[in-house]
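Please keep the structure open while you read.

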Amino acid sequence: YIGVIACLGSELTVFTPKDETMKETSCYALFYFHSEKVVDVEEYAKLLSIDLKSSYSKGDPWIHSSGKVTQRKWSSIRLDSGESMQFDGTETFAKFFKLLKSKQREIIYLKEKYNMKLAVHFVLSIYSNDMPYFKLTTDQMAFLQAVEANVEVFLYDYTKL
């Protein structure tokens, strides 16, 4: 079996599995809150009642790959849909969006209070012949528009390593 896919912003890609033990292709989503102000992480945890996967505040040390240490410019909080071990990430994303949408009022309140920028990253990782995919409903897209989230899609092809 040979898979042929079209990668975003590139030419057609042809690949075959290099390792039969590779885990399944997966999809997951990240929802970021970015602020130039120092944010109160406890306030997010209390208002959203969502497990915050990671966070840092402006002023925290930031160690670059070169080893140089600087102070972070942004405060950031990340929510994670959790990794889907399925080729079709639609169901995983639907549950994640349902959780986020139930907190839309709180998200908008925090966004305005801290002058936040919101970003949603859809991450598709290819470990096998199956191309991961997901579908967003018009309701989910309306939610992203309502909170003015910047949306990006990232595609990683681990069969080429």
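A residue is called buried when its relative accessible area is under 20%, exposed when over 50%, and partly exposed in between, using a 1.4 Å probe and protein chains only. With that in hand, look at helix α2: its buried residues are T92, F93, F96, F97 and L100. They cover an arc of only 125° around the axis, which puts them on the same side of α2; the arc is taken from the directions from the helix axis to the C-beta atoms. On the face turned away from the buried side of α2 you will find the exposed residues K95 and K98.

A word on the model itself. It is predicted, and local features need pLDDT of at least 70, while side-chain atom pairs count only at pLDDT 80 or more and totals for chains, interfaces and linings use all residues. Residues are numbered from 1 along each chain as its sequence is written, and side-chain values use heavy atoms, leaving out hydrogens and water.

**The fold**

The protein chain has 4 helices and 9 strands, where helices (H or I, at least four residues) and strands (E, at least two) are DSSP runs numbered from the N terminus. Along the sequence the pattern reads β-β-β-α-β-β-β-β-α-α-β-α-β. Of the 161 residues in the protein chain, 37% are buried. Contact here means heavy atoms within 4.5 Å. Among contacts in the protein chain with a separation of 6 or more, 74% come from residues 24 or more positions apart. The accessible surface of the protein chain is about 9700 Å², with 53% belonging to carbon and sulfur atoms; such areas come from the Shrake-Rupley method with a 1.4 Å probe, and for residues only the protein chains shown count as cover.

**Back to helix α2**

Helix α2 has 12 residues (residues 90-101) and should span 16 Å at 1.5 Å a residue, which agrees with its end C-alpha atoms being 16 Å apart. The expected span is 1.5 Å times one less than the number of residues. What covers the buried residues of α2 includes β3 (26-35), β7 (75-80), α3 (104-113), β8 (117-126) and α4 (138-146).

**Aromatic rings**

A pair of aromatic rings is described by the distance of the centres and the angle of the planes. Rings of Phe, Tyr and Trp (its six-membered ring) pair if their centres lie within 6.5 Å; planes under 30 degrees apart count as stacked, over 60 as edge-to-face and the rest as tilted. How many aromatic pairs does this rule give? The count comes to 9, and two of these pairs are set out here.

| Pair | Centre to centre | Between the planes | Geometry |
|---|---|---|---|
| F33 and Y44 | 5.2 Å | 75° | edge-to-face |
| F97 and F143 | 6.1 Å | 85° | edge-to-face |

F33 in strand β3 and Y44 in helix α1 (residues 41-48) are 11 residues apart, and both are buried. F97 in helix α2 and F143 in helix α4 are 46 residues apart; F97 and F143 are buried too. Ring pairs link F31, F33, Y44, F93, F97, Y114, F122, F134 and F143 into a cluster.

Not counting residues up to four places away in sequence, H121 touches Y28, A29, L30, Y32, E152 and F154. M131 lies in the loop between β8 and α4 and is partly exposed, with a relative accessible area of 30%. M131 and F87 are 44 residues apart in sequence, yet 6.7 Å apart in space, C-alpha to C-alpha.
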